[in-house]
Amino acid sequence: MERSIRDRAPPLLTDLYQFTMAYAYWRAGRHQEPAVFELFFRDNPFGGGFSLFAGLHDCLLFLRSFHFTDEGLTSLLQLLVCSNAARFRLAAGPSRRLLEMGLRRAQGPDGGLTASRYTHIGGFDLTSNVQAGFLFGIPVAGTMAHSYVTSFTSLEEVWPQTLVALNGDPDPVDFISLTKGWLSRVCELLRAEPGKIREGELAGFLSYAITYPQNFLPVIDSYSVGCSGLLNFCAVALALCELGYRPVGVRLDSGDLCRQSVDVRRVFRLCREHFSTSAFDSLIIVGTNNISEQSMDELNKMENEIDVVGVGTHLVTCTKQPSLGCVYKLVEVRGTPRMKISEDPKKSTVPGRKSVYRLVDAEGHPFLDLVCLAVESPPVAGVSLSCYPLGSDDSPASVTPAQVTCLRQEVFVKGQVTHPLCSAAETRAKVQSSLQTVHPRHKRLHEPDSYTVALSKKLHHLVTETQKGSSNSSNFLLAN
């Protein structure tokens, strides 16, 4: 696992200025000064009302195994010399140790709710990506491609043409003849026109079923679901059942998924009743037609018989949010708060080392995350407190939590992982548990209420005084 993390995120996978700044800090003798940085994002992704943090496991493995190879350092040395025309000494010594120092301390929960500034990842039941299954232990499943179906034109292309029954009978059965017999019976039951059935599609289904008799889940919309694909599936599935196998189901990848799924389920029930085949009760219907969060919401509002949805393009390309917009900013040096001040309030940072507390109401719903200075005493359940919600007009709010949870955890100290590493399955379970606590108003797909993040009274005062001090300093410099 650690090697895969290094392969996916090698030390050179960063911007050049990170290295030029590291060298500049070292040349200035500042590399030993303790500093605090914060990693945050300004807006919830996808226009959501909240976010979830997941992936700490990979981050810790990355930090623990972070190091430069000699080849990488040689390449970096050449790049820095060429780009800056300076005398860099990066092959060994303090500069190399500086670059390999990484983070001395990292803090934060994994699989827990988080809020803007300080993602929604619910996990998946299955994945078709083999590498994802290998890395994260997600069960891997897949179906048939349209190209496999359309590559066949006749039953003569099917080879082998026999299949052995599951009961152990050693004599192979002519699977093509068996299926053709069932196809005639299916057409009679459904009053279908045999002349509209695609022989090449049937050949593709037969070939796949002979190869994977216990995992028969074909895509049935290569030509026509109602006139060909569904009929061919039922015939092959019934033949498999006769030999003791249990077909899995079908995949729909185009057209009106809701209407098609209802029609498909109706046919499954007819076959179950007419042919007394109980396996047809457990057949699943998979929908994979450009599925997105919005289309799933629409599917849920309409009558449908879809059991599984396959999310592809919208997950991999992330069309709604191509980047999270993470920010990594300095907030303290040598114990002194530091703040980036911008004319755009959203670009300004919040100074100082901090702790974060989650406030929970009497119904068990989190309602506010309170950001405090690390030296402050934590809030107390049942005791009223004053805070300043981010994004408001600087008006204080008074809240009384029923429960208080500290979110900050030290997970990486002095180069060592100090927090138990969670597997993907454990993180997913924590995500699902966290989601159960979120109030429905934050989980609405359309126009959700944003979860509130607020500054403590002391932290708000520090921000205000730092801004005033910066303004006065700027006026003095201009006056002189």
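## A guided tour of the chain

The model is predicted. Of the 480 residues in the chain, 40% are buried.

**Stop 1: a three-stranded sheet**

Select β7, β8 and β9. They form an open sheet in the order β7-β8-β9, and the pairing is parallel. β7 (249–252) and β9 (308–309) stand at the edges, each with a single partner strand, so one side of each has no neighbour in the sheet. Now zoom in on β7 and β8 (residues 284–287). Four bridges join these parallel strands. Pick Val-250 in the viewer; its bridge partner in β8 is Ile-285.

**Stop 2: the largest nonpolar core**

Next, show the side chains of Phe-175, Ile-220, Phe-233, Cys-234, Val-236, Phe-268 and Phe-280. These residues have the most contacts inside the largest nonpolar core, which has 55 residues. Which elements each supply at least two residues of this core? Colour α8 (175–190), α9 (199–211), α10 (225–242), β7 and α11 (257–275) to see them. The largest share, twelve residues, comes from α10.

In soluble globular proteins, nonpolar side chains tend to be buried together.

Centre on Ile-220. Leaving aside residues up to four places away in sequence, Ile-220 touches Glu-201, Phe-205, Val-225, Gly-229, Leu-230, Phe-233, Val-250, Arg-251, Leu-252 and Val-264. Val-250 is the residue you picked in the sheet, paired with Ile-285.

**Stop 3: a second core**

Move on to Val-371, Leu-373, Leu-407 and Val-463. They are among the eleven residues of a second, separate core.

**Stop 4: a hairpin**

Select residues 410–413, strand β17, and residues 416–417, strand β18. The two strands run antiparallel and are joined by two bridges. Phe-412 stands opposite Val-417 in β18. Together, β17 and β18 form a hairpin with two residues between them. Look at the turn: Lys-414 has a positive phi of about 50°.

**Stop 5: a nonpolar surface patch**

Select Val-309, Val-311, Leu-315 and Val-316, which make a nonpolar surface patch of about 330 Å². Val-309 falls within β9 (308–309), at an edge of the sheet from the opening stop. Leu-315 lies in helix α13 (residues 313–316). Is Leu-315 buried or partly exposed? Leu-315 is partly exposed, because its relative accessible area is 43%, between the 20% and 50% cut-offs.

Definitions and conventions
Residues are numbered from 1 along each chain as its sequence is written. This is a predicted model: local features need pLDDT of at least 70, side-chain atom pairs count only at pLDDT 80 or more; totals for chains, interfaces and linings use all residues. Side-chain values use heavy atoms; hydrogens and water are left out. Two strands pair if DSSP finds at least two bridges between them. A nonpolar core is a set of buried Ala, Val, Leu, Ile, Met, Phe, Trp, Tyr and Cys residues joined through side-chain atoms within 4.5 Å. Buried means under 20% relative accessible area, exposed over 50%, partly exposed in between (1.4 Å probe, protein chains only). Contact means heavy atoms within 4.5 Å. Patches are made of residues with over 30% relative accessible area and no salt bridge: like charges are joined within 9 Å, nonpolar side chains (Val, Leu, Ile, Met, Phe, Trp, Tyr) within 5 Å. Accessible areas come from the Shrake-Rupley method with a 1.4 Å probe; for residues, only the protein chains shown count as cover. A salt bridge is a side-chain nitrogen of Lys or Arg within 4 Å of a carboxyl oxygen of Asp or Glu.
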